Amino acid sequence: MRVLIVEDDEVIASTMSRGLALHGYVVEHVSSAEAASAALLSEQFDLAIVDLGLPQEDGTSLVRRIRRTNKTLPVVVVTARDSIADRVDTLDLGADDYLVKPVALAELLARCRAHIRRARAIANSKVQIGSLGVDLEGRRVTVADESLDLTRREWLVLEYLATNVGRIASKERLLDAISSAPQDLSLNSVEAVVSRLRAKLGKAARIRTIRGLGYRLDDEP
Amino acid sequence: MIRPLWNTIRGRLLAYLLPPLVLLLAAGVYLDYETGAAPVRDAYDHALASAALAIATHAQKGRQPAELARVAAATDALLHPGARSYYVVLASGHYLAGEADLPVARVGARNPVFFDAHFRGEAVRVVTYSLTDPQRLTVSVAESTAERDRATLRLLVSEVLTDVVQLVGTVALVWIGVALALRPMLRLGDQIAMRSPRELSPLDAQTAPGEVRLLVTELNRLFATLGEASRAQQHFLANAAHQMRTPLAGLLIQLDLLIAQGTDANVRQELLALRRSAQNLAHTADQLLTLARADPAVHLADEFATLNCGKLIEDVVAQNLDRALLKGIDLGAQIEPVQVACVPWLIREVLMNLVDNAIRYVPAGGHVTVRCGVAGGRAYLAVEDDGPGIAPDQRQAVRQRFYRVPNTPGSGCGLGLAIVDEVARLHGANLEIGDCGGVGARVRLRFPGAVELPSADTA
């Protein structure tokens, strides 16, 4: 997996590079938006980590440019700017994540993993979490390469959770996902579907109940 | 606010106007009394003199004392009802008829002579009239003054009443007039009071009355200076934040890398301790910056926006979920749809602080619940837990900067609740620190109002 780091602080850039390399990523580091544009034109990347406070051209305009030329490349912004306005503006421009420095290496790795997985899931129509495989196009679920039979509703819930791995999915959203006329069903039916799904998945995947908010499919089983 | 009356412009105007007005009233009453009472006195004296003349005329015609008594009784009717009258007749200085002890004046150039005297225990008005005939008849007639005193009193009372009505009318007119004249100033005061303390936009100096225009101009100048200062401060803080964050971020991520690379166990322990210290330093720097930027002097009025509390809670819970799960804490939410007008990033900061605190102090197996809703027409955000809680005698102290409850485990900088307190004040919200029915801690932020959401919007 190839990651592009656009960061003008040498210490942070080289440390992030080494940290990511330690976890099997191939990292390229540039320290300006111009160099980043050039690198993106000549090479394929699975993810870009972008600092906003870059010399000359600002990181936000780089994010805008990346989104214009590449719709699918996950962009994780890592910056010292912590205002809500910066966060909202940057996410609106198309950044996939916004982390404020200081960032723990473990968190950065987790985010990178999740975004790359999500991008791959969209690209390959397949989500892989440990031994659980969710084939979005073929509508097939496998646990350790063994096919698993799911009802239509169970599939729809799992599909939603799998495309939002590591994120909280509210019961209302899951209700929307399983029914074209959500008013005909109650939130209890979502709970029932989730509990059946849990029983079928067993130890292969973990669907957590987030009290008062919904469910989350953990990105590590 | 209730101010003592003498410290208001109205009060002062009244204080300056009332004493001279009262003096004027007194002078008016005195003059009116003097000019009104003289005719009354003259009329009474004239009636008294007529009686004396009638008795003297009868006496001159040589009537007997018995006849004189009848005349006196008849003239008594000429005098005023309710007044007692007495008479005495002397001839060549010798008693002829009537009350022998009634005082008689010496008649000189003036004839008749009027004077006041006391007779048989009451005040009387006496007239002595002398005929210039050979008998030298002298007649004194007296009348008790109670009746004429009552008449002058009636006169006095009616005059005083008229003047008091005039005075009250004048004062009322002054009171109303001053109120009307002061209205633009009061409006200006209201205008200033209604503004949020953070609002620093200039006041309209053109519509202000001339007397306070200078004050308004000076206030505007002050607002402008304050605004400039707070902008400079904000700029400085933004720079400081960036300048501190970058090296701290470098330090932390290098430590992370060292730890991740896996060294021997002893060094790893040291590195973990070093990382905790660096993390605390970064946390404290962040908290200080938040506190400084939440300063009321900083111009935040145009950062106010409507915030969906449910969405905020979802975001904050999602951000803290992994940390909570790692500690074995059940982090959840209870959302009743509501919106508040606030500075969104500050409220987010506050909620992050509260959830961070809860996760820090609640032991494994505990529960942390983030709530929002409406109570008594006011929106609230709350974080509840079943951890050790904050003892009642500490609940005030924890709002102070750098205060930490004695013997608290773990590392904190003691700024968390101080920030929450500051931000609450900035929003006119109440910060309530309590417990959940005797267990754990409940920290609740009650906003001054609420914008309720139809529940469909939360999906």
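How are H6(A) and H7(A) oriented to each other? To answer that, let us start with some ground rules. This is a predicted model, in which local features need pLDDT of at least 70 and side-chain atom pairs count only at pLDDT 80 or more, while totals for chains, interfaces and linings use all residues. Residues are numbered from 1 along each chain as its sequence is written, and chains are lettered from A and ligands numbered from 1 in the order in which they are written.

Now to the helices, which, like strands, are DSSP runs numbered from the N terminus (H or I over at least four residues for helices, E over at least two for strands). Helix H6 (residues 152-163) and helix H7 (residues 171-178) of chain A have axes 9 Å apart and pack at an angle of about 130°. Axes here are lines fitted to C-alpha atoms, for helices over the stretch in contact, and angles run from 0 to 180 degrees between N-to-C directions. H6(A) and H7(A) are therefore oblique to each other; angles under 35 degrees count as roughly parallel, over 145 as roughly antiparallel, 65 to 115 as roughly perpendicular and the rest as oblique. On the H6(A) side, Arg153(A), Leu156(A), Val157(A) and Tyr160(A) meet Leu174(A), Ala177(A) and Ile178(A) of H7(A). By class, this contact of H6(A) with H7(A) has six nonpolar, no polar and one charged residues. (Ala, Val, Leu, Ile, Met, Phe, Trp, Tyr, Cys and Pro count as nonpolar, Asp, Glu, Lys and Arg as charged, and the others, Gly among them, as polar.)

Another helix pair lies in chain A. Helix H3 (residues 59-69) and helix H4 (residues 84-93) of chain A pack at an angle of about 20°, with axes 9 Å apart. That angle makes H3(A) roughly parallel to H4(A). Thr60(A), Val63(A), Arg64(A) and Arg67(A) in H3(A) meet Asp89(A), Thr90(A) and Leu93(A) in H4(A). The residues of this contact divide into two nonpolar, two polar and three charged.

Next, look at where the chains touch. In all, 26 residues of chain A are in contact with 28 residues of chain B, contact meaning that the C-beta atoms of two residues, placed from the backbone, lie within 7 Å. Helix H1 (10-22) and helix H5 (105-124) of chain A are the elements that give two or more residues to the side of chain A that touches chain B. The largest share of that side, seven residues, comes from H1(A).

Leu213(A) counts as buried because it has 23 C-beta neighbours inside 10 Å; the cut-offs are 20 or more other C-beta atoms within 10 Å for buried, 12 or fewer for exposed, and partly exposed in between. Leaving aside neighbours within four places in sequence, the contacts of Leu213(A) include Ser170(A), Gly332(B) and Ala333(B).

Ala333(B) leads us into chain B, where its bridge partner in S9(B) is Val370(B). S7(B) and strand S9 (residues 367-375) of chain B pair in the parallel sense over six bridges, where pairing requires at least two bridges found by DSSP. These strands belong to an open sheet of five with the order S7-S9-S10-S12-S11 (chain B) and mixed pairing. The edge strands, each pairing on one side only, are strand S7 (330-335) and strand S11 (430-436) of chain B.
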